[in-house]
Amino acid sequence: MKRKLIAAVSVAGMMVGVAACGNGSDDKAKTDAGGAKEITVWVMDGSAPKAWIDEVNKEFSAKHPGVTVKVEEQKWTGIQEKVTTALSENNPPDVLELGNTQTAGYAVTGGLADLTKDKAALGADAWQKSMLASAEIDGKLYSAPWYAANRVVVYDKKAYEKAGVTPPKTRDEWIAGLEKLKAADPASQPIYLPGQSWYVLAGFVWDEGGDLAVKDGAKWKGGLATPQAASAMDFYKKLQSFSTAPKDKDEATPQQSTDIVPKGGVASWIGLGWEATGAEKALKEAGKEADFGYFPIPGKTADKTGTVFLGGSNLAIAERSKNKELAKEWLALAAGKDQMTKYAAETKGALLPNQVGANFTPAAGSFAEAMGKAGLNGKITPVTAGWANVETEPNPVKEFMTKVLNGEDAAKAGADADKEIANRINK
């Protein structure tokens, strides 16, 4: 996938600052006839806490004496090319971590093993449906969901207290609170929201019952020239009117958490866990107080939070693996309730495990608590290999947003975007 896609799915991994380590020998994989065997597992930098991966491998080795597990940590930079090459070779890693929006691309090219018949053994019934969606293509299972992360609203507690605002439960309460914040401190931004924060917009589109792209027979078509997308942009425009952020930039240009928030004058913003941590660190380094509160992006009604994009990773098995059965058993352990419960505890709630029953109980008022609540209403971008082409720059969804914020009719801007989306997604 392209750089922006890699960034989108790797942000969750960046939230855990511990490295994975290997358990086993450095020998090449051996065949069944060779006696002792070895399986190789690729995980991304920061995804697998050492204590957790050691525990998984210890349990696996106890069940399979003489079989070793070699865990190799990979970097996100250049991973697409590396995985593509590895899957085409005769001795690929047996199990590998893939970004959840990358999985479809590798599955349709035949690089991943079909795990559909193994769903019961893998414990698929317990997996969150919102995460499972990225692991299935055309009704077939090609990976196990592993972890995810999503955005929440980060707010300055003192600014909210001064304005008499409490965390909202609905969109209307959210807007009313921003109006109070503006009245209490006209010099500050009630919310910092760049014009091209398209993951945020995606949630609003899903709230309206729409999508960024939909299947149309054998092909895909864009979903922005629709009443649902227009309503989503109308709400986004209301929020953005409380911000002085540029209409033609996203949240990473400049980086909101380290380049904008530490300067002060921002009462709230929408971000990921690693961004909240980065903002706290930057504020403290600047000699300023960091006292953040967190709440899920509000929904249209109080009984349901707003829909959010779930960025994260899946664990798949290479089609050319010489040790598929052992790889499936390792995968069943790693993605099962017991080990996912330990995983959630090791990451201290910074990442959402693949099943609700494994959730870590985070501290009250923490980012993890808000993320966990919001993550129950999560979705991902359209599950098709061609979606990666849509996210490359210039991103047509971003261009659609800027046009509408600058006054262009949403239907017209959406039609232009849909034409480009269709051209890219069907390649």
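In this predicted model, K300 and E208 are joined through their side chains by a salt bridge, with an N to O distance of 3.0 Å. K300 belongs to the loop between β11 (292–295) and β12 (308–309), and E208 to the loop between α9 (198–207) and β8 (213–216), so the pair ties together parts that are 92 residues apart in sequence. K300 has a relative accessible area of 47%, and because this value falls between the 20% and 50% limits, the residue counts as partly exposed. The pair also belongs to a network of salt bridges that links R171, D207, E208 and K300.

Side chains of opposite charge can pair when their charged atoms come close. The structure holds 21 salt bridges, and another of them connects D118 with K328, whose closest N and O atoms are 3.1 Å apart. This pair, too, links distant parts of the chain: D118 is in the loop between α4 (103–108) and α5 (119–122), whereas K328 is in helix α13 (residues 324–334), 210 residues apart. Are these two residues buried or exposed? D118 is buried, its relative accessible area being 17%, and K328 counts as buried as well, at 15% relative accessibility. Both assignments follow because buried means under 20% relative accessible area.

A further salt bridge lies within one helix. The side chains of R424 and E420 meet at 2.8 Å, N to O. Both residues lie in helix α18 (residues 410–425), where four residues, about one turn of the helix, separate them. R424 is buried, with a relative accessible area of 9%, while E420 is partly exposed, with a value of 30%.

Helix α18 also packs against a neighbouring element in the model, as its contact residues show. The axes of helix α17 (residues 396–405) and α18 come within 9 Å and cross at roughly 170°. Because angles over 145 degrees count as roughly antiparallel, α17 is roughly antiparallel to α18. On the α17 side, the contact is made by P396, V397, F400, K403 and V404. On the α18 side, the contributing residues are A410, A413, G414, D416, A417, E420, I421 and R424, so that the salt-bridged E420 and R424 are among them. By class, this contact has eight nonpolar, one polar and four charged residues.

From α2 the contact involves A51, W52, E55, V56 and E59, and from α14 it involves Q339, K342, Y343 and E346. These residues divide into four nonpolar, one polar and four charged.

Finally, the loop between β11 and β12, which holds K300, is also the place of I297. I297 counts as buried, at 4% relative accessibility. Which residues does I297 touch, not counting residues up to four places away in sequence? They are R151, V153, W174, F204, I270, T305, G306 and V308. I297 and P168 are 129 residues apart in sequence, and their C-alpha atoms are 8.7 Å apart in space.

How values were computed
Residues are numbered from 1 along each chain as its sequence is written. This is a predicted model: local features need pLDDT of at least 70, side-chain atom pairs count only at pLDDT 80 or more; totals for chains, interfaces and linings use all residues. Side-chain values use heavy atoms; hydrogens and water are left out. A salt bridge is a side-chain nitrogen of Lys or Arg within 4 Å of a carboxyl oxygen of Asp or Glu. Helices (H or I, at least four residues) and strands (E, at least two) are DSSP runs, numbered from the N terminus. Buried means under 20% relative accessible area, exposed over 50%, partly exposed in between (1.4 Å probe, protein chains only). Contact means heavy atoms within 4.5 Å. Ala, Val, Leu, Ile, Met, Phe, Trp, Tyr, Cys and Pro count as nonpolar, Asp, Glu, Lys and Arg as charged, and the others, Gly among them, as polar. Axes are lines fitted to C-alpha atoms, for helices over the stretch in contact, and angles run from 0 to 180 degrees between N-to-C directions. Angles under 35 degrees count as roughly parallel, over 145 as roughly antiparallel, 65 to 115 as roughly perpendicular and the rest as oblique.
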